[in-house]
Amino acid sequence: MSTSTPIAIDTDRPGVPFGRLSKVEIRKMLDTRAGRWLLIVTGLLLALTMGIILLVIGLNEDLTIGAKGFSDAMVIPLSILLPVFAITTVTGEWGQRTHLVSFTLEPRRLRVVAAKLVAVLALALATIVVALIFGALGNLLAASVGGYDPIWNLDVSDLLWTIGLQLAFFAMAFALAMLFLSTPVAVVVFYAVALILPQMVYSILYGVFDWARDLIPWVDMNYAAVPLMTGQGMMGESVDVGALEWVRFVVTLVLWIAVPAAVGLRRIARSEVK
Amino acid sequence: MITVENLTKTYGQYRAVDDVSFVCRPGQVTGFLGPNGAGKSTTMRIIAGLTPADSGSATIGGVRYHDIPNPGTQVGVLLDASAQHAGRTGREILAIGAQTMGLSSSRVDEMLELVALTPSESKRRLRDYSLGMRQRLGIAHALLGDPKILILDEPANGLDPAGIHWMRSLLRTYADRGGTVLLSSHLLHEVQIIADELIVIGQGRIVAEGSKDELLAGAGTLVKAVDEQRLAAVLSGAGIAATPAANGGLQADADPAAVGRVVAGTDVVLTELRPADGAGLEEMFLQLTSDTQRENTTIQGASA
């Protein structure tokens, strides 16, 4: 083969642009049956939530609800199923072994992970916007059903906290996914920490024990965030919001997002892909 | 050009790849042959930057895989045809690859046509694909970005004989246009059909390498006679070592002309006289395979 010239690799060629990687990751989240069903069911849950609120308003003569109430209610369906996207976009690559392909087409693995995070946050924002539009429509409908003037009581700070906290939970799901690289483990841990413990365990302890009121806001993002959002604790008790409340919130972010993300990133960057 | 130098990878006590060096040149299809667990896949994953090596280096055109920009357009890699999302259609899998590399979607149709997957097959989900169809899809994926170099792990696994010949002509054409191909197989006859150059690996070490013709030329001559005892006596009388061949006749340690010359002056009646066909390589390969298996058995027996 003396005639053939040695093949040189073109190192001046542009790499895969980050925007394109992110678009591909969004596509990969939505192009499977599981992805489509998650979206469909979430849409149905949103419609159901709105339907129930309207029904209650229609049946109770003297009940009113404002935009704040609607926005609080409408993000609940989003936080039930959508974090699964944040988990499976990472763990699915290991489960289906598509990381063999993903990391050969873009060997800089952390860029792939960053593109996934962008895709997850874009999806979270898009669904929040949809939920808010639903909520605004619901607010108008509720007012006409209940026979009162619509109450637009959602201020910017409430809105930003709602969006920020929602994104924080998505980031937590994403970080746990990177840490465990296994769909079942990440799903179980995420829902235990984000949904089941606060609802079933913390709520009881918090109501009964003083030590729980001191401890839980150090370990739970919601319990830490609520005083900052509302100036009240989870039981509606008034709280003097100071540095301590902010430190607790930051501690929960570090505990559930920064630490698992750091360990997980290290694992992804160094592990063998096979 | 793929250059692998003194590559070593250990898992605990186990040396999966042990000081492996080789070169794959443009215009050639290089077959990487070895029994299961010999270290082929590990070596290929190291080349593609998926597995870190303990020591040694692997470069493509002088560059580490990690440093190749948009690598899909320069190196086509197929490491496991089943490592795709089972719920995606074949077409969607290629479309994702094309989008990542920044190619037009018409490239997807071209590749589907090249590997003979029909439009209706391309709309089926991967879980409904046979292994042969997955391999074709994997080849299509590796070729999407029109790379100059191909790295294929067991691409012929699951293909029927017609499929193996199809792959031979596909890769032959590719290499003739100046492409470099490294493909692995655990089956000698597959590699014999597809490859020009052979690298034989066993227990993490390279045990033979060279052109297929060289390696298959094997040692000596196959000779058969009406009276083989008499033939054996004549040959040993002339100082030519001969051993009984597997399928009858004798395997003589000399070239056919020398054997013919010795026999010509005697009353031995020959029924066959020809160069021994690849016996050297085949025997070596069988030996490798059975060594590995025997070792496994011993380990299992010892731990039981």
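Helices, taken as H or I runs of at least four residues, and strands, taken as E runs of at least two, are DSSP runs numbered from the N terminus. The exercises below use this numbering on a predicted model.

**Exercise 1. Where in chain B is B:Val269 found, and does B:Val269 count as buried or exposed?**

Step 1. B:Val269 is found in the loop of chain B that lies between helix 10 (256-264) and strand 13 (270-275).

Step 2. For the second part a cut-off is needed: a residue is buried if 20 or more other C-beta atoms lie within 10 Å of its own, and exposed if 12 or fewer do. B:Val269 has 11 C-beta neighbours inside 10 Å and therefore counts as exposed.

Step 3. When neighbours within four places in sequence are left aside, B:Val269 is in contact with B:Ala225 and B:Val226.

Step 4. The C-alpha atoms of B:Val269 and B:Ser185 are separated by 42 Å, the two residues being 84 positions apart along the chain.

**Exercise 2. In what order do the six strands of the open sheet in chain B follow one another, and which are the edge strands?**

Step 1. The order is 5-6-7-3-8-9, with mixed pairing. The edges are strand 5 and strand 9 (205-211) of chain B, each of which pairs on one side only. On average, neighbouring strands of this sheet are turned by 15° against each other, direction ignored.

Step 2. As background to the next steps, strands of a sheet pair through backbone hydrogen bonds, in either a parallel or an antiparallel manner.

Step 3. Strand 5 (residues 75-78) of chain B pairs with strand 6 (residues 149-152) of chain B in the parallel sense over four bridges. Within this pairing B:Val75 stands opposite B:Ile149, while B:Gly76 stands opposite B:Leu150.

Step 4. On strand 5 of chain B, B:Val75 and B:Val77 point one way and B:Gly76 and B:Leu78 the other, and all are buried. Helix 5 (residues 131-143) of chain B lies across strands 5 and 6 of that chain, and runs at about 160° to strand 5 of chain B.

**Exercise 3. Which residues cover the two faces of strand 3 of chain B, and which strands does strand 3 pair with?**

Step 1. Strand 3 (residues 29-33) of chain B is mostly covered, five of its five residues being buried. B:Val29, B:Gly31 and B:Leu33 lie on one side, and B:Thr30 and B:Phe32 on the other.

Step 2. Five bridges join strand 3 of chain B to strand 7 (residues 180-185) of chain B in a parallel arrangement, and there the bridge partner of B:Val29 is B:Val181.

Step 3. Strand 8 (residues 197-202) of chain B also runs parallel to strand 3 of chain B, joined by four bridges, with B:Leu33 opposite B:Val200.

**Exercise 4. Describe chain A, and then the side of chain A that touches chain B.**

Step 1. Chain A has 11 helices and zero strands, and its C-alpha trace spans about 90 × 45 × 30 Å along the principal axes. Buried residues make up 39% of its 274 residues.

Step 2. An unreviewed UniProt entry lists several stretches of chain A as "transmembrane region", among them residues 188-209 and 246-265. In the model, residues 188-209 of chain A are 95% helix, with end C-alpha atoms 27 Å apart, and residues 246-265 of chain A are 100% helix, with end C-alpha atoms 26 Å apart.

Step 3. In the interface, 31 residues of chain A are in contact with 43 residues of chain B. Helix 1 (18-30) and helix 5 (99-105) of chain A each supply at least two residues of the chain A side, and helix 5 of chain A gives the largest share, five residues. By type, the residues on this side of chain A divide into 14 nonpolar, seven polar and 10 charged.

Methods: Residues numbered from 1 in each chain as written. Chains lettered and ligands numbered in written order. Predicted model: local features only at pLDDT ≥ 70, side-chain atom pairs only at ≥ 80, totals over all residues. Pairing = 2+ DSSP bridges. UniProt positions renumbered as here; feature names shortened; annotations may be inferred. Contact = placed C-beta atoms within 7 Å. Nonpolar A, V, L, I, M, F, W, Y, C, P; charged D, E, K, R; others polar. Axes fitted to C-alpha atoms, helices over the stretch in contact; angles between N-to-C directions.
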